[in-house]
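Please have it in view as I speak.

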Amino acid sequence: MKALLPVYCRPIGYGVIALALFLPFIFMMAGVINDSNLLFYKECSKLLMMLGALMILFALSRQENAETEQIRNRATRNAMFLTVLFVFGGMVYRVARGDVFSVDTSSFLIFLLLNVLCLEFGIKKAAVDRLFKHHRR
């Protein structure tokens, strides 16, 4: 999968995710969030996290090459597998508890965040592998 966004979108994506994580707490302490608008702010936070994760996934890396594209593809494959395991585990848990009313609505967000984690791990692993291959020569 080819990157679509410029390199500077990666740190901006991390900033958006950090904003989505901490802004609800700041709003709560300021008294902006209450029982009537909690769902709105929760969904806005999830949407911001999705936006940040997509910015990270689709941004070019500093040393973008064919290997980075392969890492991005593998990260997506691994994230799909891990997301299916996570969703399946949640289903089994709800069935075991007999919980008929709750549903998982964060599957796409979980997928995107797992994809970012797999991508970052893959990129760092490739950099370490290149470093050790270079020193062996």
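Let me begin with confidence. The model before you is predicted; the chain has a mean pLDDT of 88, and 97% of its residues reach 70 or more. Within the chain, confidence is highest in helix 1, at a mean of 94, and lowest in helix 4, residues 107–136, where the mean is 87.

I turn next to helix 1. This helix has 22 residues, and the distance from its first C-alpha to its last is 30 Å, close to the 32 Å expected at 1.5 Å a residue. Where does helix 1 bend? The bend, of about 30°, is at Phe22, and a proline, Pro24, follows within four residues. The buried residues of this helix are Cys9, Arg10, Gly13, Val16, Ile17 and Ala20. Just after helix 1 comes Gly31, which takes a positive phi of about 85°.

The buried residues in helix 2 include Ser45, Lys46, Met49 and Met50. Further along, Gly52, Ala53, Met55, Ile56 and Leu57 are also among the buried residues of helix 2. Phe58 also belongs to helix 2. Is Phe58 buried or partly exposed? Its relative accessibility is 24%, and the cut-off for buried is under 20%, so Phe58 counts as partly exposed. The C-alpha atom of Phe58 is separated by 22 Å from that of Val128, and the two residues are 70 apart along the chain.

Let us now consider the aromatic residues. How many aromatic pairs does a search of the whole structure find? The search finds three. In one of them, the ring centres of Phe27 and Tyr41 are 5.5 Å apart and the planes stand at 75°; because an angle over 60 degrees counts as edge-to-face, this pair is edge-to-face. Phe27 lies in helix 1, residues 9–30, whereas Tyr41 lies in helix 2, residues 38–58, so the pair ties together parts that are 14 residues apart in sequence. Phe27 is partly exposed, with a relative accessible area of 26%. Tyr41 is likewise partly exposed, at 21%. Together with Phe40, Phe27 and Tyr41 form one aromatic cluster.

The next topic is the largest pocket. Its volume is about 340 Å³. The lining comprises 16 residues, of which Ser61, Arg62, Gln63, Ile123 and Lys124 are the closest to the centre of the pocket. Which helices each supply at least two residues of this lining? They are helix 1, helix 3, which covers 66–97, and helix 4. The largest share, six residues, comes from helix 4.

Phe81 is found in helix 3 and is exposed, with a relative accessible area of 53%. Ala126 is found in helix 4 and counts as buried, at 7% relative accessibility. Phe81 is 46 residues from Ala127 in sequence, and their C-alpha atoms are 24 Å apart in space. For Ala126 and Glu67, which are 59 residues apart along the chain, the separation between C-alpha atoms is 8.5 Å.

Thank you for your attention.

Note on methods: Residues are numbered from 1 along each chain as its sequence is written. This is a predicted model: local features need pLDDT of at least 70, side-chain atom pairs count only at pLDDT 80 or more; totals for chains, interfaces and linings use all residues. Side-chain values use heavy atoms; hydrogens and water are left out. Rings of Phe, Tyr and Trp (its six-membered ring) pair if their centres lie within 6.5 Å; planes under 30 degrees apart count as stacked, over 60 as edge-to-face and the rest as tilted. Buried means under 20% relative accessible area, exposed over 50%, partly exposed in between (1.4 Å probe, protein chains only). The expected span of a helix is 1.5 Å times one less than its number of residues. The bend at a residue is the angle between axes fitted to the seven residues ending there and the seven starting there. pLDDT is the predictor's confidence in each residue, from 0 to 100. On a 1 Å grid over the protein atoms alone, a cavity is a set of points where a 1.4 Å probe fits but cannot get out, and a pocket is an open set with protein on both sides within 12 Å along at least five of seven lines; lining residues have an atom within 4 Å of a point. Grid points are joined across faces, edges and corners, and a volume is the space filled by probe spheres set on the points.
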